[in-house]
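Me: I have a new model open and would like to learn how to read it. Could you walk me through a few features?

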Amino acid sequence: QVQLVESGGGLVQAGGSLRLSCAASGSIFRINVMGWYRQAPGKQREFVASISSGGSTNYADSVRGRFTISRDNAKNTVYLQMNSLKPEDTAVYYCNADIQQGGGHFFFVYWGQGTQVTVSS
């Protein structure tokens, strides 16, 4: 069984910063891409950022230059450093990871339970 657990969400004023963490645990053989998505009230879940096992990154245009994704492969953990936060960044943030379990042959995408980020104006 594999679990992804996010932490680091909270309430922050506009212009402030937060750092999200997401740790994967369980029977993990290999992790490919790890990423962050978010879902605001009444909106669809949207891509925020992703990072490959080799460190290649991708960002949504709305966060590029303000957010930084990184990962610690030894800890199976992905981070999202969010700076210059805006009220429109308010959402539930979810991490996901493309994981090959120990003894398995295929990769499957797993999701965390989400962490709330609220940015006040």
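This is a predicted model: local features need pLDDT of at least 70, side-chain atom pairs count only at pLDDT 80 or more; totals for chains, interfaces and linings use all residues.

Me: Which residues have the most contacts inside the largest nonpolar core?

Reply: In soluble globular proteins, nonpolar side chains tend to be buried together. A nonpolar core is a set of buried Ala, Val, Leu, Ile, Met, Phe, Trp, Tyr and Cys residues joined through side-chain atoms within 4.5 Å; buried means under 20% relative accessible area, exposed over 50%, and partly exposed in between (1.4 Å probe, protein chains only). Here the largest such core has 30 residues, and Leu4, Trp36, Leu80, Met82 and Tyr93 have the most contacts inside it. Its largest share, five residues, comes from E9.

Me: How do the strands E7 and E8 pair?

Reply: Strands of a sheet pair through backbone hydrogen bonds, either parallel or antiparallel. Strands (E, at least two residues) are DSSP runs, numbered from the N terminus, and two of them pair if DSSP finds at least two bridges between them. E7 and E8 are antiparallel, with six bridges, and Phe67 stands opposite Met82 in E8. Both strands belong to an open sheet of four, in the order E1-E3-E8-E7, with E1 and E7 at the edges.

Me: What lies between E4 and E5?

Reply: These two strands form a hairpin with six residues between them, and Gly42 in the turn has a positive phi of about 75°. E4 and E5 run antiparallel, joined by five bridges, and Gly35 has Ser50 as its bridge partner. Ser50 also stands opposite Asn58 in E6.

Me: How many aromatic pairs are there?

Reply: Rings of Phe, Tyr and Trp (its six-membered ring) pair if their centres lie within 6.5 Å; planes under 30 degrees apart are stacked, over 60 edge-to-face, and the rest tilted. The whole structure holds two such pairs. Tyr37 and Phe47 are edge-to-face, 5.6 Å centre to centre with 75° between the planes. Tyr37 lies in E4 and Phe47 in E5, so this pair ties together parts 10 residues apart in sequence. Tyr37 and Trp111 are also edge-to-face, at 5.1 Å and 65°.

Terms used:
Residues are numbered from 1 along each chain as its sequence is written. Side-chain values use heavy atoms; hydrogens and water are left out.
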